[in-house]
Amino acid sequence: MRDPRADRLDQPLAAQRRLVRRPRMDPDTFGRFAEGFARFMGTARFLGYMTVFVAVWLAWNFLAPEHLRFDPYAFIFLTLMLSLQASYAAPLILLAQNRQADRDKVVIEQDRTRDERNLADTEFLTREVASLRIAMRDNATRDFVRSELRSLLDEMEERGLQVRQTRESPKTAPGTE
């Protein structure tokens, strides 16, 4: 008989117990190891070590006495060792690249958020400067008031009206003496 809950997608299935427990590994720890390994494999030091290793391997198997050679001329064992190293290196490098891509995504998102905030601040400041300019056009500045008063005084003098100065000196305006 079939379990009626197997057809329901809204209820999880019961967890099955395993006979053999899988080892649990911290993904961050393994990721840091993979990044360190990938970083080391991309250095000149690694290439130097590999070159020395292969050169010693080849020299030993060419120059050593016949009974001490462990990998004859076709160097099948060396090929196997290098293939094994490459088969482990490729996934570790990919893991390191994936972690770097994830970090890049976070940095890009932070940059985008900061850029949006800067754009909003700039737009706000632009609106404020525009409103101040509009307000300054409506308000009379000191120089504007002085020029308007001077033009009124000149107009009154042209009409022959006398203007009496106050505060500065009790004398009358020029031309009234």
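Trp57 is buried in this predicted model, with a relative accessibility of 8% (buried means under 20% relative accessible area, exposed over 50% and partly exposed in between, with a 1.4 Å probe and protein chains only). Phe70, at 46%, counts as partly exposed. Residues are numbered from 1 along each chain as its sequence is written. As the model is predicted, local features need pLDDT of at least 70 and side-chain atom pairs count only at pLDDT 80 or more, while totals for chains, interfaces and linings use all residues; side-chain values use heavy atoms, leaving out hydrogens and water.

The structure holds 10 aromatic pairs (rings of Phe, Tyr and Trp, the last by its six-membered ring, with centres within 6.5 Å; planes under 30 degrees apart are stacked, over 60 edge-to-face and the rest tilted). In one of them, the ring centres of Trp57 and Phe70 lie 5.0 Å apart with planes at 80 degrees, so the pair is edge-to-face. This pair links distant parts of the chain, 13 residues apart: Trp57 sits in helix α2 (residues 44-63) and Phe70 in the loop between α2 and α3 (76-138). Helices here are DSSP runs (H or I, at least four residues), numbered from the N terminus. Ring pairs also join Trp57 and Phe70 with Phe53 and Phe77 in a cluster.

Leaving aside residues up to four places away in sequence, Glu35 touches Ala96, Arg99, Gln100 and Arg103 (contact means heavy atoms within 4.5 Å).

Key: Helices (H or I, at least four residues) and strands (E, at least two) are DSSP runs, numbered from the N terminus.
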